[in-house]
Amino acid sequence: MVPALSGKMSGEALVYLDNAATSQKPRQVLDFLGDAMVQSNANVHRSMYELSDRSTSLYENAREAVRSFINAPGRENIIFTSGTTSSINLVADTFCRRLAPGDEILIEGDSHHSNIVPWQLAAERNGAVVKVIPTDVMLGIGRSGRVVFEELESMLTDRVKILALTHISNITGLVNPVGETIAKAHARGIPVLVDGAQGIVHQKVDVQEMDCDFYAFSAHKIYGATGVGILYGKTQILETLPPYMGGGDMVETVTYGKTTYAPLPLRFEAGTPNFTGAASLTPALEFAEFLRSGQTGKVLKEEECRIMSYMAEALASDPDVEVYGTGVNKTPIFTFNIKGINAGDLAQLLDKMGVAVRSGLMCAEPLINSFGANSVLRASFAPYNTLDEAQTFIKCLHRAKNMLL
Ligand SMILES: Cc1ncc(COP(=O)(O)O)c(C=O)c1O
């Protein structure tokens with residue numbers, strides 16, 4: 001089903017547990033990409049010949065696949081970008097041009113750098129301030145890594161102009177209560193962006209039910225090609241944003257003096273997009289749907305529950321392990337340290353055993369530092385991973401630990 005998973009690493013059978021960084025691709029996505037490059041490789045929206053029509057259809061069909069996958073109302077709500085990062089930058093840059101000195105942008109204490117830095121850049125440009133909804137660790141009231149949304153009540157003042165949430169943390173794996181938080185922000189007229197880079201993989205997302213104003217995610221984390229992102233936006237708010245980048249395809253008419261812009265969504269898609277990569281979202285999202293629905297979905301969900309309990313118990317039973325991210329509403333992302341051992345050294349030894357895990361700061365330096373760590377190890381599972389792989393990982397981890405202690 002996913003050819004890379006039966007491959008080898010360092011001469012050993014591969015156990016790929018770095019899915020929060022990027023997913024491995026199913027056969028249908030690989031075949032699609034190869035076929036599209038041969039049969040439909042022409043620039044989109046531009047030419048009058050059949051090859052270009054085919055390419056445009058594949059690109060626009062993928063927009064429809066995304067629309068349907070997240071239940072967006074229309075194609076104008078789906079903007080293709082180059083990744084979650086560029087989706088968030090688009091909003092931070094364009095939305096925040098209306099901000100004035102003293103205005104506030106709220107972010108979460110468990111944010112990925114790409115949901116921190118774009119807001120800081122935007123704030124610096126107009127004197128706005130970025131404020132952080134703290135985690136229990138930051139408040140010194142716990143070590144779970146959960147965001148203390150109770151703090152939001154006093155933070156949601158008239159100065160707040162936008163709230164940038166994280167659906168699921170790439171460190172703790174905890175699922176944030178985005179729906180109710182959005183309702184609280186909306187009660188005060190504050191729009192909300194949700195970073196769904198991890199959320200889209202592990203949760204059924206219905207943007208209309210969630211009622212977010214923006215939802216950002218990346219194709220590569222959900223079995224599609226790299227270099228493609230999605231920004232969902234409500235029509236009424238997208239209509240108020242100025243263009244982000246200028247160039248071909250985002251215009252209606254251009255003179256040397258003045259340009260008028262194309263309607264949504266193309267207004268935000270300047271230049272040649274990664275059209276083949278974006279088109280791969282059609283088979284990628286079909287695969288995602290297959291993994292979560294019917295009998296397959298049921299079987300994989302049960303396996304995921306087994307993986308969750310096994311991993312939680314295996315890590316908790318070692319007194320030398322500190323896990324960052326505990327709680328009931330958690331996805332299979334396990335971040336931790338073993339006392340006295342450098343996470344990078346562990347990752348290197350695990351590589352020699354065929355196990356791919358991430359080490360370092362995981363693009364969430366403030367959160368990792370708040371735990372008192374400056375490097376961590378992360379094993380992140382996708383629905384295609386098995387309990388067997390979790391057991392191999394723990395066995396290899398013990399071996400690596402014994403070699404390093
Ligand atoms: C929660 C979260 N947000 C944003 C990103 C950035 O995604 P990308 O690098 O695909 O833009 C990631 C990637 O790991 C993530 O986990």
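Guide: Let's start on the outward side: Asp 388 and Asn 402 of helix 16 are exposed. Keep in mind that this is a predicted model. On the other side from that pair, the buried residues of helix 16 are Glu 389, Ala 390, Phe 393, Cys 396, Leu 397 and Ala 400. Looking down the axis of helix 16, you find these buried residues within an arc of 130 degrees, so they line one face of the helix. What covers them? The cover includes strand 3 (15-16), helix 13 (294-316), helix 14 (343-352), strand 15 (355-356) and strand 17 (376-380). There's a handy check on the geometry, too: helix 16 has 18 residues (387-404), and at 1.5 Å a residue they should span 26 Å, which agrees with the 26 Å between its end C-alpha atoms.

From there, hop over to Gly 229, which sits in strand 10 (residues 229-233). Gly 229 counts as buried because 27 other C-beta atoms lie within 10 Å, and the cut-off for that is 20 or more.

Gly 83 and Ser 218 are among the residues that come nearest to the ligand, along with Thr 85, Asn 170 and Ala 197, out of 15 around it. The shell divides into four nonpolar residues, 10 polar and one charged.

Most residues other than glycine have a negative phi, and most peptide bonds are trans. Asp 211 isn't a glycine, but its phi is positive, near 70 degrees. Asp 211 is in the loop between helix 9 (207-210) and strand 9 (214-218), and it counts as partly exposed because it has 15 C-beta neighbours inside 10 Å. Asp 249 also has a positive phi, about 75 degrees. You'll find Asp 249 in the loop between helix 10 (235-238) and strand 11 (251-254), partly exposed with 16 C-beta neighbours inside 10 Å. As for the peptide bonds, a cis one joins Leu 264 and Pro 265, with omega about 0 degrees; Pro 265 is in the loop between strand 12 (259-261) and helix 11 (275-279).

Note on methods
Residues numbered from 1 in each chain as written. Predicted model: local features only at pLDDT ≥ 70, side-chain atom pairs only at ≥ 80, totals over all residues. Near = placed C-beta within 6 Å. Nonpolar A, V, L, I, M, F, W, Y, C, P; charged D, E, K, R; others polar. Helix = DSSP H or I, 4+ residues; strand = E, 2+ residues; numbered from the N terminus. Buried ≥ 20, exposed ≤ 12 C-beta atoms within 10 Å, placed from the backbone. Expected span 1.5 Å × (residues − 1). Arc of directions from axis to C-beta. Contact = placed C-beta atoms within 7 Å.
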